[in-house]
Amino acid sequence: MRAVFEPGFFASSPVHIALVAGGAVAIVSAVIGVFTVMRGQSYAGHAFSDISVTGGSGSFLIGVSPLWGFAGASVLAAAVMDLIGIRKPRGRDLATGIVRGAGLGLAALFLHWDTTHTSASGVTVTILFGSMFTISSSIVPVIVAFSLVALGVTALLYRPLLLSTVSSDLAFARGIPVRLAGAAFLAAVAIAVSLAAMTIGAILSTALLVGPAATAQRLTSKPAWAFTWSAVIALAVTWLGVLLAYDSFYWPPGQHGWPVSFFVVTLIFLAFLAAQPVAARRARLERRGLAVSEG
Amino acid sequence: MTEQHSTGTSEAAAAPPATGQAPSGQEVLTGQEVLTVDGVGVRLAGRDILTDVRFGLRRGEFAGLIGSNGAGKTTLLRVILGLLTPTAGEVRVEGRVSTRRARARAGAIGYVPQKIMLDPDMPVRARDLVGLGLDGQRFGLPMPSRVRRERVDAMLRAVGAERFADARVGNLSGGEQQRVMIAHALISGPRLLLLDEPLANLDLRSEQEVVGLLARIAREQQVAVLISAHEMNPLLPVMDRVIYLAGGRAASGPADEIIQTDVLSRLYGHHVDVLHVHGRVIVVAGRGDDPHAAPAQAETGQGW
Amino acid sequence: MFSSFMTGTWTVATIVAVVAGVAGFFVVLRGSAFVADALPTGAFAGAAGASLIGVSTLLGLTVFSLLGAVSIGLLGRRSRHDVATALTLVLMLGLGALFLSFSTEYAPEIYSLLFGEVLGISAQEVGPTAALAAVCVLAILVMFRPLMLSSLAPESGEARGVRSHRIEIAFLLVIALVTSMALPVVGALLIFSLMIGPPAAARAFTDNPYLAMALSAVVAVVTVWVSIAAAYPSNWPIGFFVGAISAFWYAVGRGWSAWRRTRPARGAANRDEGAPAVAC
């Protein structure tokens, strides 16, 4: 047991924060991610993580707290994407790409001003590849609060969103404001992703949004179970990732420790691949079940 | 074309039907067909999608592949195209077996798929799409030649699409896109033309125009045309033959012989009624005299 | 800015723009914006890895982007394309994070790899860039017809022996090459802008696919020229201008298309009424 949990793991305060904050963010991302993947909006979700970087770097300049910079930029981007308002996936991805390109261009500009004016070298790296072990405990309550908001919006929208994802015409016929629900959801994604980007880095915000949800979809056809599986997988990979990252400090040869992002991403990838044979088997069983009931 | 009870042989000789026996829809294949579906069976994931499907199509014949959704129409088309290997039997196109490798002979079969993703923003004109039907599988850029352009123009004229030859395909109406896709499929001069549910999203007028166009193509260009559809009524006036799929089995022959209560009942494996209402044909499942059997409609014509 | 030491920059940037425009025509046609975005971003991780083992960054970039293309292609066979792309992307980035954790000497180089550096291109880079560019353009021209067919009517293509999966992987590999070639100039995060903005505008102006491809290249070249001209005096990153101008082109394209729709199409008076097609 000692080899698995290296000394001081449970006593370490940064670890506690990483587990709590990281875990909370992971669950929120995973839950929202289920809808995101279902709606084919993975690209938009990814775009938000980098756009929030723009907001974060811009916030240095006007002296606003990074949190508002991150979240604000993403929500703004969501609004723009929604205004451009293309429903077909191809056109939507193109619009997402353009918005992301423009947003990143701005990020480049802000960071350029940052480094020349505040000489914070490596701030680029920190923002883009952020680490879970450097979250300060003061923002934990804020993280939790925002997480609850994002989750709340999603829970509120659950049924209209599910129906309009399956068929927007069906939803429209039932009087569901499809456009509004979609926009609200996109805003929720923006908040969740920017939150995650700030907390655990831009890489993991995308990874935890898409990976666990995509894996869960391979494991089950029932929506409620998809959310549960997604959250469970996300929490598991995050905690395991934190553990491995902590342990890696003690691994030979050097004592520098490997980044959490690397572990979590690798675990997600492996989980996704491992789910494929399960998915194939489930599909076969379901088709047999269909055959039986058709007689 | 005579039908008789067949035990699965594909001998050349056709014998007269035994008297007193209803046509079973089983054919004797003479070997002169453009398309020969010979005892094809497909089993996927433990289910028999198709069982012992057997029919032939000659040049110039217009046949409808009728069946409800899920009956196996698309599966059968995929087998004919060589995209799916049958579990039993084989398909021969112009005498050569249709396999994954044989598929590479471009232009052997013209195929019009069910849905085309045509984006109105795409900078592709009708004539470009038709041109791809000529040589889309060859590498490189198409060499601008007068001969090629004339062939494309001629094909567009033949399907009545010359008016919108230079318009973006994504901007065309359903019926117009259908014509372009037919031109695309025909331009390489195939002897067999397959269409997967071409009438599905068309309005009435376009439907009639497309059916008329296809019948004319079959006749004038001596192409065997096979259309899959779940409604047979639009095709009844022009079909030479119907291939009726139900429960994975097929009955093939002239419409007035196959669309009969006894033939279809045998095919379905339970009783169905074939009703003629105002010139339309409706196939209804369930016995009329059983108060507890709700008459679920198996096939319908226009007007549910 | 037209002094001799800038020749390298102008030349390479022009070459890059032409290739990006040509490749971008198909990126937009196939709706592969996410892939075009993800490959260079992930490839950037390869540059970090290459630095680590002392190999040329360009090599590391190229290898990583090619591997990424293969991964997306393989994963994309069984899952949705956007999921395959996202997972490949994060895996590559995760590896990038790992590589970066082993050394802390990257910051300035990273910046120029990410956002482009107008002064960063020497005359010696013209040769290799031109060679790689020629390969990419040649590959696209050779694949032109099967690529068009499988992008527009994949089933018809399958019926003629054009295997969609093979074309997809070949296309992804070409995009990978394009991105690794263009990355040093315009930066990882913005090369994709050059591949989607100009084609989005070009396609609004012409119905002819060949013209649209040529126009994409022209618009892309104009974009980089303006970006260099603006970045040089201000010392702002090229990437910013590329991103902004690409967004401008996209807006122009959308606006023009919308305006065109309010006018009767050519020959519309002679055409059938018929119900509008259910596209997609």
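# Close-up views of a predicted complex

**Figure 1. The largest nonpolar core.** Of the 277 residues in the largest nonpolar core, six touch the most other members: B:Val225, B:Tyr244, C:Val19, C:Ala20, C:Ala23 and C:Ile175. The model shown here is predicted. The predictor gives the complex an ipTM of 0.86 and a pTM of 0.83.

**Figure 2. The surroundings of B:Val225.** B:Val225 is one of the core residues that touch the most other members. Residues up to four places away in sequence are not counted here.

**Figure 3. Chain C as a whole.** Chain C has 11 helices and 0 strands. From the N terminus on, its elements run α-α-α-α-α-α-α-α-α-α-α. Of its 280 residues, 61% count as buried. Among the contacts in chain C with a separation of 6 or more, 76% join residues 24 or more positions apart. The average pLDDT of chain C is 83, and 85% of the residues score at least 70. Over residues 267-280 of chain C the pLDDT is below 50. Beyond near neighbours in sequence, that stretch has 37 contacts in the model.

**Figure 4. Helix α2 of chain C.** This helix covers residues 33-53, which makes 21 residues. From first C-alpha to last, α2(C) reaches 32 Å. That is close to the 30 Å expected at 1.5 Å a residue. Why is α2(C) largely enclosed by the rest of the structure? Of its 21 residues, 19 are buried, so the rest of the structure largely encloses α2(C). Just after the helix comes C:Gly54, with a positive phi of about 80°.

Figure 5. C:Asp207 sits in the loop between α9 (191-205) and α10 (209-234) of chain C. Is C:Asp207 buried or exposed? C:Asp207 has 22 other C-beta atoms within 10 Å. The cut-off for a buried residue is 20 or more, so C:Asp207 counts as buried. Leaving out residues up to four places away in sequence, C:Asp207 touches B:Pro123, B:Arg125, B:Asp166 and B:Arg168. C:Ser51 is 156 residues from C:Asp207 in sequence. In space the two lie 46 Å apart, C-alpha to C-alpha.

**Figure 6. Where chain B meets chain C.** The contact takes 48 residues from chain B and 39 residues from chain C. On the side of chain B, β6 (109-112), α2 (126-135), α4 (174-186) and α5 (204-221) each supply at least two residues. The largest share, 6 residues, comes from α4(B). By type, the residues on this side of chain B are 23 nonpolar, 12 polar and 13 charged.

**Figure 7. Where chain A meets chain C.** Here 43 residues come from chain A and 44 residues from chain C. On the side of chain A, the elements that give two or more residues are α2 (42-62), α4 (89-118), α5 (123-129), α9 (202-219) and α11 (260-294). With 16 residues, α4(A) gives the largest share of this side. The residues of chain A that touch chain C divide into 22 nonpolar, 17 polar and 4 charged.

Key: Residues are numbered from 1 along each chain as its sequence is written. Chains are lettered from A and ligands numbered from 1 in the order in which they are written. This is a predicted model: local features need pLDDT of at least 70, side-chain atom pairs count only at pLDDT 80 or more; totals for chains, interfaces and linings use all residues. Two residues are in contact if their C-beta atoms, placed from the backbone, lie within 7 Å. Helices (H or I, at least four residues) and strands (E, at least two) are DSSP runs, numbered from the N terminus. Ala, Val, Leu, Ile, Met, Phe, Trp, Tyr, Cys and Pro count as nonpolar, Asp, Glu, Lys and Arg as charged, and the others, Gly among them, as polar. The expected span of a helix is 1.5 Å times one less than its number of residues. A residue is buried if 20 or more other C-beta atoms lie within 10 Å of its own, exposed if 12 or fewer, and partly exposed in between; C-beta atoms are placed from the backbone. pLDDT is the predictor's confidence in each residue, from 0 to 100. A nonpolar core is a set of buried Ala, Val, Leu, Ile, Met, Phe, Trp, Tyr and Cys residues joined through C-beta atoms within 7 Å.
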